Amino acid sequence: MDKIKNTKTFMRITHRYLGYFLAGIMAVYAISGVLLVYRDTDFLKKEKSYEKKFEANLDEKKLGKEIKIKGFEVEKTEGDVMFFKQGTYNMKTGEAKYSKKELPFVLDKMTKLHKSQSKDTLSPLNTFFGISLFFFVISSFWMFNPKTKAFKRGMVFTAIGLVIALILTFI
């Protein structure tokens, strides 16, 4: 019985202080996650103009990769100039003039949290955050006595949440 009490106490205390520690991180992830839901719209985006010099004679595919515009497509070519929805590219000089709609600097940086890969500097934070959230899932089962109505009701809500998440994942 003493071991159960120690585990329960450890889980509750760790859950509490880890929760406080992660509150700021969770706020940033929550805001950036909502923004990513609307990344296919112009919500909060401002148009920004660019004049850049790229390698000369890039084909459409390479130019799209350099400019980093999703759905990039050349509409027409007149002489040495490629015209696309967002601007122009001079194949002879490599000069491109274009505009893109982008989130403000801080919001753009926040959304990168969700997009990081193992090679990125944010990957340790993302890994720590993911493991911490999983700990929250596990430790939450030590918040209430398993014999209470609150715990039993909580298990029903857990099952419902799991089923809904799985259904929406596979639709």
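Reader: Hello! Which helices are included in what covers the buried residues of H1?
Author: Happy to start there. This is a predicted model, where local features need pLDDT of at least 70, side-chain atom pairs count only at pLDDT 80 or more, and totals for chains, interfaces and linings use all residues. Residues are numbered from 1 along each chain as its sequence is written, and side-chain values use heavy atoms, with hydrogens and water left out. The cover over the buried residues of H1 includes helix H3 (105–111) and helix H4 (123–139).

Reader: Thanks! What are the buried residues of H1?
Author: Helices here are DSSP runs (H or I, at least four residues), as are strands (E, at least two), numbered from the N terminus. Buried means under 20% relative accessible area, exposed over 50%, and partly exposed in between (1.4 Å probe, protein chains only). By that cut-off, the buried residues of H1 are Met 11, His 15, Leu 18, Gly 19, Leu 22, Ile 25, Tyr 29, Ser 32, Leu 35 and Leu 36.

Reader: Where does helix H1 bend?
Author: The bend at a residue is the angle between axes fitted to the seven residues ending there and the seven starting there. Helix H1 covers residues 2–37, and its bend of about 45 degrees is at Leu 22.

Reader: How do H1 and H4 lie, oblique or parallel?
Author: Two packed helices are described by the angle between their axes and the distance between the axes. Axes are lines fitted to C-alpha atoms, for helices over the stretch in contact, and angles run from 0 to 180 degrees between N-to-C directions. The axes of H1 and H4 come within 10 Å and cross at roughly 135 degrees. Angles under 35 degrees count as roughly parallel, over 145 as roughly antiparallel, 65 to 115 as roughly perpendicular and the rest as oblique, so H1 is oblique to H4.

Reader: How many residues of the contact of H1 with H4 are nonpolar, polar and charged?
Author: Contact means heavy atoms within 4.5 Å. On the H1 side the residues include Phe 21, Leu 22 and Met 26, and on the H4 side they include Phe 128, Phe 129 and Leu 133. Ala, Val, Leu, Ile, Met, Phe, Trp, Tyr, Cys and Pro count as nonpolar, Asp, Glu, Lys and Arg as charged, and the others, Gly among them, as polar. The contact of H1 with H4 divides into 14 nonpolar, six polar and no charged.

Reader: Which residues is His 15 in contact with, leaving aside its neighbours within four places in sequence?
Author: His 15 is found in helix H1. It is buried because its relative accessible area is 19%. Leaving aside neighbours within four places in sequence, the contacts of His 15 are Phe 135, Phe 136, Ser 139, Ser 140 and Met 143.

Reader: What is the phi of Asn 57?
Author: Most residues other than glycine have a negative phi. Asn 57 is found in the loop between strand S1 (46–53) and helix H2 (60–67), and is exposed because its relative accessible area is 61%. Although Asn 57 is not a glycine, its phi is positive, about 60 degrees.

Reader: And is Lys 68 buried or exposed?
Author: Lys 68 is found in the loop between H2 and strand S2 (74–78). Phi of Lys 68 is also positive, near 60 degrees, in a residue other than glycine. With a relative accessible area of 65%, Lys 68 is exposed.

Reader: What separates the C-alpha atoms of Phe 157 and Lys 52?
Author: Phe 157 is found in helix H5, and is exposed, with a relative accessible area of 57%. Phe 157 and Lys 52 are 105 residues apart along the chain, and their C-alpha atoms are separated by 54 Å.
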